[in-house]
Amino acid sequence: MSRKKYVTEFVNRSVKRAGYMQKDMFAEIVEEALMGLPEEFSRKLENVEVVVEDEPPEKVLQELGLGRGTLLGLYHGVPLKKKGIWAAPILPGRISIYRMPILSVSRTREDPRQRIRDVVIHEIGHHFGLTDKDMAPLTNGPEYREKTQ
């Protein structure tokens with residue numbers, strides 16, 4: 001069996017197990033995660049766009065050396081820690097939340113909500129200049145902690 005066919009079948013089985021979630025429902029959960037942030041953080045996200053995409057672009061996966069289904073979210077931009085008051089104007093930051101990979105790693109119908117929250121917080125952490133290791137204590141999932149330590 002080809003790798004592509006294997007990955008496709010794996011994702012399909014995983015999505016069935018976790019329960020397929022339409023993009024608009026998924027986006028609502030992303031919005032809930034953002035609305036649940038403390039005000040001191042949400043105020044600093046005014047210049048950050050958060051988008052839901054089905055999958056990360058193949059080019060991004062290649063640049064990061066990752067396989068399909070492994071990237072759950074990505075912060076595109078310059079972290080606040082690195083922005084200076086005298087810096088030249090730069091484009092707004094952007095956070096991509098990848099729906100299909102999140103659903104593929106979810107084990108139950110309830111699991112995507114927590115995973116979405118974890119990924120949103122993780123990518124916001126990158127906006128604030130935190131590294132993966134800095135953020136490990138901020139999430140609940142043991143799989144996430146193992147990958148980031």
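Me: Where is Arg-117?
Reply: Arg-117 sits in helix α6. The model is a predicted one.

Me: Is Arg-117 buried, exposed or partly exposed?
Reply: Arg-117 has a relative accessible area of 33%, so Arg-117 is partly exposed. Buried would need under 20%, and exposed over 50%.

Me: And how far is Arg-117 from Glu-31?
Reply: In space, 9.5 Å from C-alpha to C-alpha. Along the sequence, Arg-117 and Glu-31 are 86 residues apart.

Me: Which residues lie nearest the centre of the second largest pocket?
Reply: Arg-117 is one of them, together with Leu-37, Pro-38, Ile-121 and Ile-124. The lining has 15 residues in total.

Me: How much space lies in that pocket?
Reply: About 320 Å³ in the second largest pocket.

Me: Which element gives the largest share of its lining?
Reply: Helix α6 does, with five residues. α2 and α6 each supply at least two residues of that lining.

Me: What's the lining like by class?
Reply: Ten of the lining residues are nonpolar, two are polar and three are charged.

Me: Changing topic. How many helices and strands does the chain have?
Reply: Eight helices and three strands. Along the sequence the pattern reads α-α-α-β-α-β-β-α-α-α-α.

Me: What share of the chain is buried?
Reply: Of its 149 residues, 40% count as buried.

Me: Which residues have the most contacts inside the largest nonpolar core?
Reply: Phe-26, Val-30, Ile-97, Ile-102, Ile-116, Val-120 and Ile-124. That core has 21 residues.

Me: Which elements give two or more residues to it?
Reply: The helices are α2 (23-35), α5 (99-105) and α6 (111-127). The strands are β1 (48-53) and β3 (93-98).

Me: Why would residues like that group together?
Reply: In soluble globular proteins, nonpolar side chains tend to be buried together.

Me: Pick Ile-102. What is it in contact with?
Reply: Leaving aside neighbours within four places in sequence, Ile-102 is in contact with Phe-26, Leu-72, Ile-97, Pro-112, Arg-115, Ile-116 and Val-119.

Me: What about a second core?
Reply: There is a separate one of five residues, and Val-60, Leu-61, Leu-71 and Tyr-98 are among them.

Me: Next, Tyr-75. Where is its place?
Reply: Tyr-75 is in strand β2, which covers residues 73-76.

Me: Buried or exposed?
Reply: Tyr-75 is buried, because its relative accessible area is 11% and the cut-off for buried is under 20%.

Me: What is Tyr-75 in contact with?
Reply: Apart from neighbours within four places in sequence, Tyr-75 is in contact with Gly-93, Arg-94, Ile-95, Glu-123, His-126 and His-127. The C-alpha atoms of Tyr-75 and Arg-94 are 5.9 Å apart, although 19 residues separate the two along the chain.

Me: And Leu-91, where is that?
Reply: Leu-91 is in the loop between β2 and β3. Leu-91 counts as exposed, because its relative accessibility is 73% and the cut-off is over 50%.

Me: How far is Leu-91 from Gly-77?
Reply: Their C-alpha atoms are separated by 7.5 Å, and the two residues are 14 apart along the chain.

Me: Last topic. What is the mean pLDDT?
Reply: The mean for the chain is 79, and 72% of its residues reach 70 or more.

Me: Where is the pLDDT below 50?
Reply: Over residues 141-149. Beyond near neighbours in sequence, that stretch has 13 contacts in the model.

How values were computed. Residues are numbered from 1 along each chain as its sequence is written. This is a predicted model: local features need pLDDT of at least 70, side-chain atom pairs count only at pLDDT 80 or more; totals for chains, interfaces and linings use all residues. Side-chain values use heavy atoms; hydrogens and water are left out. pLDDT is the predictor's confidence in each residue, from 0 to 100. Contact means heavy atoms within 4.5 Å. A nonpolar core is a set of buried Ala, Val, Leu, Ile, Met, Phe, Trp, Tyr and Cys residues joined through side-chain atoms within 4.5 Å. Buried means under 20% relative accessible area, exposed over 50%, partly exposed in between (1.4 Å probe, protein chains only). Helices (H or I, at least four residues) and strands (E, at least two) are DSSP runs, numbered from the N terminus. On a 1 Å grid over the protein atoms alone, a cavity is a set of points where a 1.4 Å probe fits but cannot get out, and a pocket is an open set with protein on both sides within 12 Å along at least five of seven lines; lining residues have an atom within 4 Å of a point. Grid points are joined across faces, edges and corners, and a volume is the space filled by probe spheres set on the points. Ala, Val, Leu, Ile, Met, Phe, Trp, Tyr, Cys and Pro count as nonpolar, Asp, Glu, Lys and Arg as charged, and the others, Gly among them, as polar.
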